[in-house]
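Have the sequence and the 3D view ready side by side, and let us take a walk through them together. Turn the model as you read and look up each residue when its name comes along.

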Amino acid sequence: MSTQIILRVLALRHRLRQRDRWTRPRLEEHQSGALHRLREHAYARSPFYGRFHRGFTDRPLEELPVLTKEMVMEHFDELVTDPTVRLADVEAHLATLSGGDELLGGRYRVASTSGSTGRRGLFLCDPGEWAAVLASYNRTFDWAGVGAGLTHRTRMAVVSSTAPWHQSARVGASVSSPWVPTLRIDSGDPLERIVERLGGFQPRALVAYASMAHLLAEEQLAGRLRISPDFVFASSEVFTEQARRRVEEAWGKKPFEVYAATEPAGIASECEQHRGMHLFEDLVITEVVDENNRPVPSGVYGHKVLVTVLFSRTMPLIRYEMSDSVRLASSPLCPCGRPYALIDGIQGRVEDVLRFPAASGGQTSVQPIVFHRVMDAVPAGGWQVAQGPEGLTVLLSGVREGFADAALIDSLRRELGTQGVIVPPVKVRRVPNIPRTTVGKAPLIKSYLPASEMLRRNP
Ligand SMILES: [Zn+2]
């Protein structure tokens, strides 16, 4: 990592720490100023925003139109505020990435979303934005109390995607330095190999996709993995109650959940009080909304979130839609005194909401949390509920002895019955591993219904 970036991140970290002590009114004042500057920049430099927000430039944020990933990609060249940047060049550059800290035009770091939900998105950061991205990830470590994060020698192991276009790989390439000895392992590697490498490295901090943190906890509890990290971070997937419990049993430490995505970088993470995740409201404005983009009250899961990335300049992101279903905590106050609001639940993405024929006619949707409730009682290292044309198939891996599949089928059928659906056939399959996606994630809930069927079910 270049000295220049280190200095920038350190300066930002100092500012971020000061904001942790702000009052709520001071935070809101900062937010509105930062939002104003972002909008001024977008209107002056992005031909797309000039058009997209025409007639709305003096309206409040909540009245602005919603930006989707499809729109970003469709209008890429006009949305980007540097007229020399062209989508075609960005795509060509992406194809040449080999896992180092390569820059487009000597200036921009490019990361891509996986495209697991439709078209993949490409996002650029200039050095200033990149420092903000790194500082936002570092805040998570800072809150957990991991030394000085970026600058102290903290042995860190990261088990996630190592695809060179993935943001976690870009961050890894950018911060790799003698100060942070980091072992990067691809979460798609065979579990035995991951266990072996972690054992050899003995990390002080372990960062992993939530399903992987759970699997590794099971390996530790079974005596096959022997590490003693002081800090465990779970990211990028739904972190179930059971997974959280098992991690704590395995290493005697409460894990820290992190909510982040390629476009905004860090969105929220847990503080030492573990009351939920504090939104990084000084960096990103996160609106929890229903399907019509109206705010959802705290205590209720939203349909999606809209993020406004206050530090975005190369690609201004204002009310950018992400399909995560999250819930604002009913009691927003945390004893830590940080001024940021809390979210106390992420139940997955809107794609994880399964639709079934309703007993009363028509269709009804079943929220991921319904499945989590039942599956959390299953002593398994991993699970996935998959909906196909012939019903539900539950995949289970690493099931502890003495567990009866029939009991699980009964409780699932009972739970679905209370949801008012015509209960579909349910079967259980024991598998060695839950299949992972191209970026090494293991979704808890999945639909294999044909696209036409999905359209009919999700009008
Ligand atoms: Zn707190």
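The paragraphs below go from aromatic rings to strands and then to salt bridges.

A word on the ground rules: this is a predicted model, so local features need pLDDT of at least 70 and side-chain atom pairs count only at pLDDT 80 or more, while totals for chains, interfaces and linings use all residues. Residues are numbered from 1 along each chain as its sequence is written, and side-chain values use heavy atoms, with hydrogens and water left out.

Let us begin with the rings. A pair of aromatic rings is described by the distance of the centres and the angle of the planes. Here, rings of Phe, Tyr and Trp (its six-membered ring) pair if their centres lie within 6.5 Å; planes under 30 degrees apart count as stacked, over 60 as edge-to-face and the rest as tilted. How many aromatic pairs does a search of the whole structure find? It finds eight. One of them joins Phe48 and Tyr49, an edge-to-face pair with 5.3 Å from centre to centre and 75° between the planes. Phe48 is buried at 3% relative accessibility, and Tyr49 is buried at 0% (buried means under 20% relative accessible area, exposed over 50%, partly exposed in between, with a 1.4 Å probe and protein chains only). Together with Phe52, Phe48 and Tyr49 form one aromatic cluster.

Now find Trp143 and Tyr340. Their ring centres are 5.8 Å apart and their planes meet at 25°, so this pair is stacked. It links distant parts of the chain, 197 residues apart: Trp143 belongs to helix α7 (residues 127-144), and Tyr340 to the loop between β13 (324-328) and β14 (342-349). Helices (H or I, at least four residues) and strands (E, at least two) are DSSP runs, numbered from the N terminus. Trp143 is buried at 4% relative accessibility, and Tyr340 is buried at 1%.

The strand β14 deserves a visit of its own. Is β14 mostly covered or mostly uncovered? It is mostly covered, with six of its eight residues buried. Strands count as paired if DSSP finds at least two bridges between them. Strand β13 runs antiparallel to β14 and is joined to it by five bridges; within this pairing, Val326 has Ile346 as its bridge partner. Strand β9 (residues 277-279) also runs antiparallel to β14, with two bridges, and there Met277 is partnered by Ile343.

Charges come next. Side chains of opposite charge can pair when their charged atoms come close. A salt bridge is a side-chain nitrogen of Lys or Arg within 4 Å of a carboxyl oxygen of Asp or Glu, and the structure holds 28 of them. Among them is the one between Glu287 and Arg319, whose closest N and O atoms are 2.8 Å apart. Glu287 lies in strand β10 (residues 284-289) and Arg319 in the loop between β11 (304-309) and β12 (320-322), so the pair ties together parts that are 32 residues apart in sequence. Both Glu287 and Arg319 are buried.

Another salt bridge joins Arg430 to Asp405, with 2.8 Å between the closest N and O atoms. Since Arg430 is in strand β19 (residues 426-430) and Asp405 in helix α13 (residues 405-418), this pair ties together parts 25 residues apart in sequence. Arg430 is partly exposed, at 45%, and Asp405 is partly exposed, at 21%. Finally, look for a network: salt bridges that share partners join Arg19, Asp20, Arg139, Glu272, Asp282 and Arg338.
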